[in-house]
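Keep the structure open beside you as you read.

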Amino acid sequence: METPSNTTEMDFILLGLFSHTQAHSFLFSVVLVIFTTSLMGNTLMILLICRDPRLHTPMYFLLSQLSLMDMMLVSTIIPKMAANYLMSMRSISPAGCGSQIFLFLTLAGGECFLLAAMSYDRYVAICQPLRYHVLMSPKLCVHLTLGSWLLGAADGLMQAGTILSFPFCRSRTINHFFCEAPSLVRLACADTKVFEFFMYICCILMLLIPLSLILASYSLILVAVLRMRSSAARKKAFATCSSHLTVVGLFYGAIMFIYMRPKSQQPGARDKVVSAFYTIFTPVLNPLIYSVRNKEVKRALRMWLQKAP
């Protein structure tokens with residue numbers, strides 16, 4: 001436990017994900033390995049896309065942005081969690097808590113829209129191949145990317161600012177391993193009904209609308225793939241789209257479980273495990289899914305390794 005000198009009355013207390021048992025120490029080591037792998041994998045993906053001219057396409061440009069978001073996401077959560085665990089501390093300042101909320105919502109919200117943009121890219125590539133370079137121009141890719149970042153940042157700024165304006169006159173203990181908006185709303189000693197309604201509206205805009213666009217895109221893709229005469233073309237299309245859908249299912253399923261439930265429900269160990277899934281595990285799975293199942297990425301990696309001294 002931390003001593004009183006390590007914290008102030010204004011600080012929040014994070015109960016964390018692990019206790020100091022042998023089993024949890026092992027799990028903590030696994031999380032550090034996953035964190036390191038995630039940083040290395042996403043960094044490698046970005047470098048490959050930047051260095052190989054054959055990967056300078058809209059799909060890989062969007063994928064590089066996904067890798068950047070995943071790198072920033074794990075860097076927002078894991079270092080503070082690891083420092084608290086290793087130093088037997090649990091406190092986080094209001095500024096640090098607000099920063100985590102802002103950065104997490106910016107990156108998670110931006111990723112929601114970016115995944116929708118990636119599904120549109122696959123729809124155009126498979127259903128409108130002759131018009132691909134017109135419908136997915138470099139200018140449009142930049143606009144889609146900037147829009148994803150800006151919409152996520154706007155959501156993060158509004159929610160972080162509003163949450164920190166609430167009074168916390170009772171407990172400041174957060175049953176979580178990082179500052180997440182729903183966990184802090186439960187601690188506020190003020191009427192949060194209006195803000196909770198606002199959060200639901202944000203969830204509809206940031207989660208359900210992009211998810212609907214994704215499902216619509218892949219429904220049209222499925223119809224187009226089933227009409228293809230070439231088995232090789234069908235196989236390639238299914239391989240590419242299945243990897244995208246895997247990412248979408250993992251990310252959206254976990255994050256909707258946390259953000260689309262009534263805030264009156266008390267958080268428990270299950271909530272922390274689900275949050276760990278989209279903050280720790282999904283960022284490391286993305287580069288693995290896109291590299292293992294992508295021949296172009298594997299070819300770019302082989303060529304880079306061959307050129308290395």
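Helices here are DSSP runs of H or I with at least four residues, and they are numbered from the N terminus. Threonine 106 sits in one of these, helix α3. Please keep in mind that this is a predicted model.

## Helix α3

Helix α3 covers residues 94-127, which makes 34 residues. From its first C-alpha to its last, α3 reaches 49 Å, close to the 50 Å expected at 1.5 Å a residue.

Is α3 mostly covered or mostly open? It is mostly covered: 25 of the 34 residues of α3 are buried. Cysteine 127 has a relative accessibility of 23%, so it counts as partly exposed.

Now look at how other helices pass α3.

| Helix pair | Axes come within | Crossing angle, roughly |
|---|---|---|
| α2 and α3 | 10 Å | 160° |
| α3 and α7 | 9 Å | 15° |
| α3 and α5 | 7 Å | 150° |

What do these angles tell you? Angles over 145 degrees count as roughly antiparallel and those under 35 degrees as roughly parallel. Helices α2 and α3 are therefore roughly antiparallel to each other. Helices α3 and α5 are roughly antiparallel to each other too. Helices α3 and α7, in turn, are roughly parallel to each other.

Each crossing also has a handedness. Helix α2 passes α3 in a left-handed crossing. The residues of this contact of α2 with α3 divide into 16 nonpolar, four polar and five charged. The crossing of α3 and α7 is left-handed. Helix α3 passes α5 in a right-handed crossing. In the contact of α3 with α5, the residues divide into 18 nonpolar, eight polar and one charged.

## The disulfides

How many disulfides does a search of the whole structure find? The search finds two.

One of them is formed by cysteine 97 and cysteine 179, whose sulfur atoms are 2.0 Å apart. The angle about its S-S bond is -110°, and the link is left-handed. Why does this pair tie together parts that are apart in sequence? Cysteine 97 lies in helix α3, while cysteine 179 lies in the loop between β3 (173-174) and α6 (181-185), so the link joins parts that are 82 residues apart in sequence. Both cysteine 97 and cysteine 179 are buried.

Another disulfide joins cysteine 169 to cysteine 189, with an S to S distance of 2.0 Å. Cysteine 169 belongs to the loop between α5 (138-165) and β3, and cysteine 189 to the loop between α6 and α7 (193-226), so this pair ties together parts that are 20 residues apart in sequence. Cysteine 169 is exposed, with a relative accessible area of 58%. Cysteine 189, at 18% relative accessibility, counts as buried.

If you number the bonded cysteines of the chain in sequence order, the pairing is 1-3, 2-4.

What about cysteine 202? Its sulfur is 7.1 Å from the closest cysteine sulfur, in cysteine 203, which is too far for a bond. Cysteine 202 is buried, with a relative accessible area of 7%.

## Two serines to find

Serine 88 is in the loop between α2 and β2 (91-92). Most residues other than glycine have a negative phi. Serine 88, however, has a phi near 55°, a positive value in a residue other than glycine. With a relative accessible area of 31%, serine 88 is partly exposed.

Is serine 91 buried or exposed? Serine 91 is buried, with a relative accessible area of 5%, and its place is in strand β2. The C-alpha atoms of serine 91 and histidine 176 are separated by 12 Å, and the two residues are 85 residues apart along the chain.

Definitions and conventions: Residues are numbered from 1 along each chain as its sequence is written. This is a predicted model: local features need pLDDT of at least 70, side-chain atom pairs count only at pLDDT 80 or more; totals for chains, interfaces and linings use all residues. Side-chain values use heavy atoms; hydrogens and water are left out. The expected span of a helix is 1.5 Å times one less than its number of residues. Buried means under 20% relative accessible area, exposed over 50%, partly exposed in between (1.4 Å probe, protein chains only). A disulfide is a pair of cysteine sulfur atoms within 2.5 Å. Axes are lines fitted to C-alpha atoms, for helices over the stretch in contact, and angles run from 0 to 180 degrees between N-to-C directions. Angles under 35 degrees count as roughly parallel, over 145 as roughly antiparallel, 65 to 115 as roughly perpendicular and the rest as oblique. A crossing is left-handed if the near helix is turned anticlockwise from the far one by less than a right angle, and right-handed if clockwise. Ala, Val, Leu, Ile, Met, Phe, Trp, Tyr, Cys and Pro count as nonpolar, Asp, Glu, Lys and Arg as charged, and the others, Gly among them, as polar.
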